Number of protein chains: 2
Amino acid sequence: MSSGFNQNPHKLLVIPGPIEVSNDVLLANASASVSHVSADFVKIFQQTLMLLLRLLYTSPEANSQAFVVSGSGTLGWDMVATNLIETGERALVLNNGYFGDSFKDCLEIYGAKVDTIQAELGHTVTPEQLEQHLKQTNGSAYKLITITHCDTSTGVLANVQGLAEIIKRVAPKTLVILDSVCSVASEEIKFDDWGLDVVLSASQKGLGTPPGLCIIVASNRAIKTFESRRSPAGSYYASWKNWLPIMRAYQNGSPAYFATPPTNLITALHQSLSIILKTPSLSLEERFERHKQASHQVKEAVKRLGLKQLPVNEKSSANGMTAVYLPEGIKPGDVVGKMLTKDLVIAGGLHKACKDRYIRIGHMGLTAVDHQRGDIALIVKGLTETFSELRASL
Amino acid sequence: MSSGFNQNPHKLLVIPGPIEVSNDVLLANASASVSHVSADFVKIFQQTLMLLLRLLYTSPEANSQAFVVSGSGTLGWDMVATNLIETGERALVLNNGYFGDSFKDCLEIYGAKVDTIQAELGHTVTPEQLEQHLKQTNGSAYKLITITHCDTSTGVLANVQGLAEIIKRVAPKTLVILDSVCSVASEEIKFDDWGLDVVLSASQKGLGTPPGLCIIVASNRAIKTFESRRSPAGSYYASWKNWLPIMRAYQNGSPAYFATPPTNLITALHQSLSIILKTPSLSLEERFERHKQASHQVKEAVKRLGLKQLPVNEKSSANGMTAVYLPEGIKPGDVVGKMLTKDLVIAGGLHKACKDRYIRIGHMGLTAVDHQRGDIALIVKGLTETFSELRASL
């Protein structure tokens, strides 16, 4: 592991993804080229798929199937929409923000009739709201219901377990789809226990790997739903008809070809998953706990500065990021620019309702769990100085 | 450049992609994380898009537009099919092998009515065959015609210039689509002069970058065709409605967001394109010439061994790879295994008609152009020894 490789000195990247990546993972991303059908790579890919299942507390014994495909997290929406919905079937989007809007657009492209439960800005759709909606409408007619775990535009965190329980009870045939691009490896996700059918994610957030991998874990029920389609999937690249045999082959330790897999990125993800799941001194549970602690420290600092967060309810706010309203007279660009002079890279707003009135800070992966780095202290110090300077010049 | 970074010792990868990647490009792939909207990354992405245009002898002045998207080369088929075809429109696939079959499948998923001109195994569709076909059928009714430049399954190389000339003359309104996954940067492609409308490619072959990037260059005419669609694109992730504003923004030097771009891979591609286009001692023309020389050396060695190549006509064989029939009694696995013991990684067959009777060798990028490495001599020596040993044990 101690290869002597050190990444170039750089500003600390604390946006809600991409995140800081460790030297070991970057070094894996710089591995010498290998054949995608070589025994060495097959082993790496197989272990990667297995580790992803383990990260979500599921397993091949539960007939869960992981997919790792070249693409951004967005491709995961296409995978759900094109494989699990047929034209005219109904879907329900629990919309907590920007990413709910886009998932709806994607589902509609593939022919779904989409209803939405719209949370107010800063709120999440609650299990109670969902239950009421499902009982008032013909809830069991939904082919699938999508939940955005952490909406990266606002930093709200959905109560996935509570929502999934309602679905199991009121609409038990409906598939439970979790968009967890901004939560895998930074928030606990219990795939089997909660009865999830698809978790979709990407490499560049809690997984601590450079961007470029679309990551899916599908339940046996989701796979069976796909296999019993009456019509072919409407996409070629996102079709499980093409990918399922490939992922099954690699998961079973054999190569197969549909499209060239992104060998270096998969090797990097393998390295990151190995660190996440096989570091004796830091269990997965402790990893989640450290994300909570880091989040608490940033959120407390924000409160001390007299600033309000976008999530209205502290219990419904993400542990991997913090979204903060700015005081009158201070713009996102002012804060981002000032932080940049302190070698800290944070993000501006994204949600259309308040884009120009807030900032976003990421604290996932290394930044949250590696205390020796001191990233959280740097963030808190940077924010404190920045707001003091900006307020002084108001 | 001389960073001191050296990739791990490894077997020489001489399959028809992924290929050997230079230390500088791998080091770029291990760059520290950057924000996808940072000024530094915007500059890298802008230059990458510009360099891709230059590599194909086109330019922003010709209103050509480059796309670099997280995905494998296969995603390029979806981009063509979902953006440039509407349901019921006709397409013609010039089918030289495996990849023609798959492109047809992809076009049909998006509603195209696809005709095929099928070349016999080892042959390419000739301009004469195409002209005859277009005149006998209502050729000008084709919305687009696809050409596989080098079919990686057989190593045949299409006469793109000749084919495009026929299309311009007989069906001038038809879009000319070139699948050049296995030819960009190893074969000359004159986008403007030849009148091409889409070139689609991937990062892991002549471009000498790890796999994971879908690369497209589209003509102004292709973009206008997309913009005048009557129906929405059938894919979400592959839709230019989502990507065109993003690529235009980055090409003009501003960030924009649809999905997180694969920042490290783009930085690696930028490094590789900079080497390809800005090395004073090796012009682009000289680069193509070196691929021809390397190819000639491998093909002559194969002849000396008394082996027959898949491409029937030497003029219609690729310069970036060689596909070779095996003598009776020798199987692809025997050759691949024996070469492996000599630290050389070559590939087995892929074309369904003769999958178990041939091998494939790649000689693109570094392996072809960097004479100091001596890769070609290693390939020739390895093949010579391997066949001598295998024949002795027959």
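A: Start with helix 9 of chain B. Its buried residues are B:Trp240, B:Asn242, B:Trp243, B:Leu244, B:Ile246, B:Met247, B:Ala249, B:Tyr250 and B:Gln251. Buried means under 20% relative accessible area, exposed means over 50%, and partly exposed lies in between (1.4 Å probe, protein chains only). Helices are DSSP runs of H or I with at least four residues, strands are runs of E with at least two, and both are numbered from the N terminus.

This is a predicted model, in which local features need pLDDT of at least 70 and side-chain atom pairs count only at pLDDT 80 or more, while totals for chains, interfaces and linings use all residues. Residues are numbered from 1 along each chain as its sequence is written, chains are lettered from A and ligands numbered from 1 in the order in which they are written, and side-chain values use heavy atoms, with hydrogens and water left out.

Back to the helix. It covers residues 240-251 of chain B, and 9 of the 12 are buried, so helix 9 is largely enclosed by the rest of the structure. What do the buried residues of helix 9 of chain B pack against? Three helices of chain B are on the list: helix 2 (39-55), helix 3 and helix 8 (220-227). Strand 2 (65-70), strand 9 (198-202) and strand 10 (213-218) of chain B are there too.

Now look at the two ends. B:Ser239 caps the N-terminal end of helix 9 of chain B. A side-chain oxygen of B:Ser239 lies 3.0 Å from the backbone nitrogen of B:Lys241. Just after the helix, B:Gly253 takes a positive phi of about 90 degrees.

Chain B has other backbone features. B:Ala185 is not a glycine, yet its phi is positive, near 80 degrees. B:Ala185 sits in the loop between strand 8 (175-179) and helix 7 (191-194) of chain B. It is buried, at a relative accessible area of 2%. B:Asp343 is not a glycine either, and its phi is about 65 degrees, again positive. Its loop runs between helix 12 (332-341) and strand 12 (344-345) of chain B. B:Asp343 is partly exposed, at 42%. The peptide bond from B:Gly17 to B:Pro18 is cis, with omega near -5 degrees. B:Pro18 lies in the loop between strand 1 (12-13) and helix 1 of chain B.

Next, cross to chain A. The contact (heavy atoms within 4.5 Å) takes 55 residues from chain B and 55 residues from chain A. Together the two chains bury about 3,900 Å², 63% of it on carbon and sulfur atoms. Buried area is the accessible area (1.4 Å probe) that two parts lose on being put together, summed over both. B:Ser33, B:Tyr236 and B:Tyr237 supply 17% of the area that chain B buries against chain A, more than any other three residues.

Which elements give two or more residues to the side of chain B that touches chain A? They are helix 1 (23-29), helix 3 (74-84), helix 4 (98-109) and helix 10 (263-278) of chain B. Helix 4 of chain B gives the largest share, 6 residues. By class, this side has 31 nonpolar, 21 polar and 3 charged residues.

One residue on the other side links to that picture. A:Thr74 is in helix 3 (residues 74-84) of chain A. A:Thr74 counts as buried, at 7% relative accessibility. Leaving aside neighbours within four places in sequence, A:Thr74 is in contact with B:Tyr236, B:Tyr237, B:Phe258 and B:Ala259. Its C-alpha atom is separated by 8.4 Å from that of A:Ala202, 128 residues apart along the chain.

Last, two annotated residues of chain A. UniProt, in an unreviewed entry, places "modified residue: N6-(pyridoxal phosphate)lysine" at A:Lys205. A:Lys205 lies in the loop between strand 9 (198-202) and strand 10 (213-218) of chain A. It is buried, at 6%. Not counting residues up to four places away in sequence, A:Lys205 touches residues including A:Pro16, A:Gly17 and A:Thr152. For "binding site", also from an unreviewed entry, UniProt lists A:Arg360. A:Arg360 is in strand 14 (residues 358-362) of chain A. A:Arg360 is buried too, at 10%. With the stretch up to four places away in sequence not counted, A:Arg360 touches A:Pro16 and A:Thr152, among others.

Note on methods
Nonpolar A, V, L, I, M, F, W, Y, C, P; charged D, E, K, R; others polar. UniProt positions renumbered as here; feature names shortened; annotations may be inferred. Polar contact = N/O pair within 3.5 Å; in protein donor to acceptor, adjacent residues only side chain to side chain.
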